[in-house]
Amino acid sequence: MTDAYTLTPAQKAWQDHEILNQFFGPLPLEPRRIPMRELISTLLSHRTTHVDEELAYDRMLETFGDWEGVLAAPVKELAHAIRTTRWPDTQAPRIQEILRRIKAERGEFTLDFLAEWPVEQGLQWLTDMPGIGLKTASLVLLFNFQKPVLPVDTHVHRVAQRVGMIGPKVSTDKAHQVLLALLPKDSVVLLNFHKHNYWLGQHICFFTKPDCPRCPLKGFCNYYLEHYGPADAAALAATPARWERSWGELQH
């Protein structure tokens, strides 16, 4: 395996993609949820567990019936319905403002028009909404409309910095464009890069005490080199070839 400091960032990004495709298995580009749910659920997910996000979304729709009901709900009641999220008192008025704008502009609660829009126009429109940043906007455009964008959350950002695909001062927002420039503008590649590095950061490349010996990227990772030295043949041979289900559930 090549030394961590001899590969370019683009070479590292492609090796990352190929290795993690083998480690986790390739994913098809299929929408996991309808666009409106993807948008609102991702907003609810900020610093919230997947279980609590799902609970908040389900309670919201069970309580108010549909998007019209959510829009018309007293804000305190909406905040109570989504109380399992991190900031329900902040998110409730944001959700209503997003719904209000969509209804006013489109005449109905739909994001399907984004399929026909250029990427930059779609990103601009989504990020003009309260609480919607580049990550959420990119998730909606990639997952639901197969647009060639790359969502970068804290896990993807951390892995990319430690491996050496981006510099230590590159912000999460800036990383969306920096990493995208290193990869083919292929939506399937970008989906897999996002999900695989998300899982790596979630289950192996932890914020504190990363599980470097188990990481399949150790052969060209700057962080591994700095903390363990060059990955020798024994270290590489001891690396698992694939993710074991017993290690944890990979959420889609």
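# Exercises on helix contacts and spaces

Helix 8 passes helix 11 in a left-handed crossing; a crossing has this hand if the near helix is turned anticlockwise from the far one by less than a right angle, and is right-handed if clockwise. The model is predicted, so local features need pLDDT of at least 70 and side-chain atom pairs count only at pLDDT 80 or more, while totals for chains, interfaces and linings use all residues. Residues are numbered from 1 along each chain as its sequence is written, and side-chain values use heavy atoms, with hydrogens and water left out.

**Exercise 1.** Describe how the axes of helix 8 and helix 11 are placed, and name the residues that meet.

*Solution.*
1. Helices are DSSP runs of H or I with at least four residues, numbered from the N terminus. Helix 11 covers residues 187–203.
2. The two axes come within 10 Å and cross at roughly 130 degrees. Axes are lines fitted to C-alpha atoms, for helices over the stretch in contact, and angles run from 0 to 180 degrees between N-to-C directions.
3. Helix 8 is therefore oblique to helix 11. Angles under 35 degrees count as roughly parallel, over 145 as roughly antiparallel, 65 to 115 as roughly perpendicular and the rest as oblique.
4. Helix 8 brings Leu139, Leu142 and Phe143 to the contact (heavy atoms within 4.5 Å). Helix 11 brings Ser187, Leu190, Leu191, His194 and Lys195.
5. By class, five residues of this contact are nonpolar, two polar and one charged. Ala, Val, Leu, Ile, Met, Phe, Trp, Tyr, Cys and Pro count as nonpolar, Asp, Glu, Lys and Arg as charged, and the others, Gly among them, as polar.

**Exercise 2.** Find the angle at which helix 2 and helix 3 pack, and classify it.

*Solution.*
1. Helix 2 spans residues 35–44, and its axis lies 9 Å from that of helix 3, at an angle of about 125 degrees.
2. Helix 2 is therefore oblique to helix 3.
3. The crossing of helix 2 with helix 3 is right-handed.
4. On the side of helix 2 the contact uses Arg37, Ile40, Ser41 and Leu44; on the side of helix 3 it uses Glu53, Glu54, Ala56, Tyr57, Asp58 and Met60.
5. These residues divide into five nonpolar, one polar and four charged.

**Exercise 3.** Classify the arrangement of helix 9 and helix 11, and name the residues in contact.

*Solution.*
1. The axes of helix 9 and helix 11 come within 8 Å and cross at roughly 85 degrees.
2. The two helices are therefore roughly perpendicular to each other.
3. His155, Val156, Arg158 and Val159 of helix 9 meet Phe193, His194, Asn197, Tyr198, Leu200, Gly201 and Gln202 of helix 11.
4. The contact of helix 9 with helix 11 has five nonpolar, five polar and one charged residues.

**Exercise 4.** State how many cavities of 30 Å³ or more a search of the whole structure finds, and describe their linings.

*Solution.*
1. There are two. On a 1 Å grid over the protein atoms alone, a cavity is a set of points where a 1.4 Å probe fits but cannot get out, and a pocket is an open set with protein on both sides within 12 Å along at least five of seven lines; lining residues have an atom within 4 Å of a point.
2. The largest cavity holds about 100 Å³ of space. It is lined by 15 residues, and Cys205, Cys212, Cys215, Cys221 and Tyr223 are the closest to its centre.
3. Helix 9 (154–163) and helix 12 (222–228) each give two or more residues to that lining, and helix 9 gives the most, with three.
4. Twelve residues of the lining are nonpolar, none polar and three charged.
5. The second largest cavity holds about 40 Å³. Its lining consists of Leu123, Leu134, Ser138, Val149, Leu150, His176, Gln177 and Leu180.

**Exercise 5.** Give the volume of the largest pocket and the classes of its lining residues.

*Solution.*
1. The volume, the space filled by probe spheres set on grid points joined across faces, edges and corners, is about 900 Å³.
2. Of 31 lining residues, Ser45, His46, Arg47, Lys135 and Asp153 lie nearest the centre.
3. The lining has five nonpolar, 17 polar and nine charged residues.
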